[in-house]
Amino acid sequence: MASQRDYDLFVIGAGSGGVRAARVAAAHGAKVAIAEEYRIGGTCVIRGCVPKKLLVYGAHFAEDLEDARRFGWHVQDAKFDWPTLRDNVLSEVTRLSGLYNQTLDNHKVKVFNQRAVITGAHSVRVGDRQITSDVILIATGARPHVPEAPGCEYGITSNDAFHLEQLPRRMLIAGGGYIANEFAGVFNELGVKVTLVNRSDVILRGYDAQIRDRLLQISMIKGIQFLFNSPIERVVKEPNGALTVHMPSGAVECDALMFATGRVPNTEGLGLESAGVETDENGAVRVDDESRSTCPSIYAVGDVTNRVQLTPVAIREGQAFADTVFGKKPTKVDYDCIPSAVFSHPPLAGVGLTEGDARNKYGAVKVFTADFRPMKNVLAARNERALYKIVVDAASERIVGAHMIGPDAPEILQVLAVAVKAGLRKSQLDEVVAIHPTMAEELVLFK
Ligand SMILES: Cc1cc2nc3c(=O)[nH]c(=O)nc-3n(C[C@H](O)[C@H](O)[C@H](O)COP(=O)(O)OP(=O)(O)OC[C@H]3O[C@@H](n4cnc5c(N)ncnc54)[C@H](O)[C@@H]3O)c2cc1C
Ligand SMILES: NC(=O)c1ccc[n+]([C@@H]2O[C@H](COP(=O)([O-])OP(=O)(O)OC[C@H]3O[C@@H](n4cnc5c(N)ncnc54)[C@H](O)[C@@H]3O)[C@@H](O)[C@H]2O)c1
């Protein structure tokens with residue numbers, strides 16, 4: 001018997017996970033609605049991966065223009081205009097958001113441009129309307145975490161960084177993860193005096209130590225300052241508008257303070273208690289390996305579940321959910337060997353186990369590295385070395401991790417991730433003939 005409810009599926013949040021789930025479920029024949037309280041596209045499209053990557057491209061021209069001279073190009077009076085880059089990036093974001101809207105329209109997904117709140121196992125409230133649905137999907141993502149020390153309200157987050165009226169002269173970025181290192185790179189290239197302040201003594205925990213160290217070295221040479229073991233105690237706004245940031249090691253004055261101190265799942269005020277949906281100690285929705293919450297008719301995908309906060313993972317979770325629940329094709333997401341990258345200057349990327357983790361897991365491992373100055377950097381007189389590294393389990397000879405830093409590292413690593421995921425052996429890389437001259441050829445020439 002057909003359901004008496006308004007929809008087969010109601011999705012809350014039109015970001016990477018929610019949009020994929022909505023359109024795939026609709027393609028499977030479900031009657032679907034989606035609610036979005038801000039802009040269709042979510043974090044990745046509106047204030048994450050996409051505008052960030054465009055800023056990274058924009059910032060990199062600073063080095064390209066400098067290097068151009070050694071290649072015979074004289075670019076006179078090169079000047080950078082922040083409003084031009086900012087506004088062009090924001091227009092591209094608007095164009096992409098429109099495409100996401102169109103996709104939903106094409107799949108006959110009803111869009112509510114409003115906040116939705118759960119009111120029961122099969123019901124949500126949108127504005128003053130009660131809507132019923134057989135299944136509800138929570139895909140509300142996460143938001144920046146801001147520490148609670150006095151004066152932290154004067155700081156901005158990555159959400160605001162895309163909209164700055166003008167570039168500050170001096171910026172302090174709190175955090176040592178993805179966002180901190182990516183934005184430190186962008187603003188430093190654009191001429192801002194950047195200080196990265198981290199409460200611990202490492203950057204990018206989770207990445208291979210040698211690769212992280214290389215980024216730290218290069219970033220310092222490029223002019224980024226690092227302060228470690230420096231939790232922020234308080235922030236004072238001076239009469240001239242500057243901010244003084246106090247830490248145990250001393251105080252630093254800046255014109256803008258940006259927090260990149262992690263992201264918290266968007267579950268507050270979502271009505272989860274009305275349906276018995278449980279959260280963990282970080283506020284993330286607890287789900288099983290089919291993304292089902294503790295309420296059988298309610299599922300959750302993406303950052304709100306705090307499994308792996310990456311767009312391709314949210315998309316896979318959305319797809320697997322829709323195929324399982326509406327496509328008669330039970331699918332589980334495979335979380336093994338997820339490649340990832342940091343779009344710093346230069347970028348870095350990794351897949352599989354770090355050297356340290358591999359030693360803990362396998363005992364005996366073989367490590368192969370290529371530490372070289374890319375040809376382009378040599379002619380540009382840019383003293384910046386790339387580092388490629390693979391980690392091999394000595395017993396099986398299989399490659400269990402690959403890590404790299406250098407120009408285009410994420411592009412190259414995406415392909416190498418296929419080899420690692422497929423469980424190839426180092427000898428199988430050796431069998432491949434190099435493409436010369438490239439940086440990537442180092443991967444088949446490891447000694
Ligand atoms: C600065 C930055 C850079 C990033 N760069 C990368 C990158 O390079 N590569 C990568 O893989 N990942 C990157 N990420 C992470 C990536 O953006 C997220 O992992 C991904 O967007 C998560 O998708 P999601 O569907 O879970 O949530 P989101 O995309 O955040 O979507 C959730 C949506 O739900 C809406 N919403 C929330 N509550 C409600 C409600 N009650 N009612 C209606 N709507 C609601 C929100 O407005 C939002 O649009 C980056 C993140 C940031 C912040
Ligand atoms: N290139 C990419 O794929 C990319 C880019 C940006 C963001 N992301 C995703 O978004 C997520 C969030 O990014 P992020 O950089 O905010 O988080 P993160 O988890 O990468 O780093 C958070 C950093 O903040 C520090 N920190 C946490 N609480 C703090 C506090 N109270 N005071 C001072 N420091 C504190 C941590 O030590 C850590 O260094 C990432 O986990 C990532 O999955 C991915």
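**Ligand shells, domains and a parallel sheet**

In this predicted model, helix α6 (178-189) and strand β18 (340-342) each contribute at least two residues to the shell around ligand 2, where a residue is near a molecule or strand if its C-beta atom, placed from the backbone, lies within 6 Å of it. Helices (DSSP runs of H or I, at least four residues) and strands (runs of E, at least two) are numbered from the N terminus. Residues are numbered from 1 along each chain as its sequence is written, while chains are lettered from A and ligands numbered from 1 in the order in which they are written. As the model is predicted, local features need pLDDT of at least 70 and side-chain atom pairs count only at pLDDT 80 or more, whereas totals for chains, interfaces and linings use all residues.

The largest share of the ligand 2 shell, four residues, is supplied by α6. Among the 23 residues around ligand 2, those that come nearest are Gly176, Gly177, Tyr178, Ile179 and Gln309. By class, this shell holds 11 nonpolar, nine polar and three charged residues, with Ala, Val, Leu, Ile, Met, Phe, Trp, Tyr, Cys and Pro counted as nonpolar, Asp, Glu, Lys and Arg as charged, and the others, Gly among them, as polar.

Around ligand 1 there are 34 residues, of which Gly13, Gly15, Gly42, Gly141 and Gly302 come nearest. The elements giving two or more residues to this shell are α1 (16-27), α2 (42-47), α3 (49-68) and α8 (311-326). The shell around ligand 1 comprises 14 nonpolar, 15 polar and five charged residues.

The domain assignment, whose bounds come from an automatic or database source, gives domain 1 (7-144 + 264-325), domain 2 (152-261) and domain 3 (346-444). The centres of domain 1 and domain 3, taken over C-alpha atoms, are separated by 32 Å.

An open sheet is formed by five strands in the order β8-β15-β9-β10-β11, with parallel pairing, two strands being paired if DSSP finds at least two bridges between them. Its edge strands, β8 (156-157) and β11 (225-227), each pair on one side only. Strand β8 pairs with β15 (residues 256-259) in the parallel sense over two bridges, and Thr157 stands opposite Phe259 in β15. Helix α6 packs on the sheet, touching β9 (170-174), β10 (193-197) and β15, where contact requires C-beta atoms, placed from the backbone, within 7 Å. The direction of α6 makes about 165° with that of β10, axes being lines fitted to C-alpha atoms, for helices over the stretch in contact, and angles running from 0 to 180 degrees between N-to-C directions.

How values were computed: Contact = placed C-beta atoms within 7 Å.
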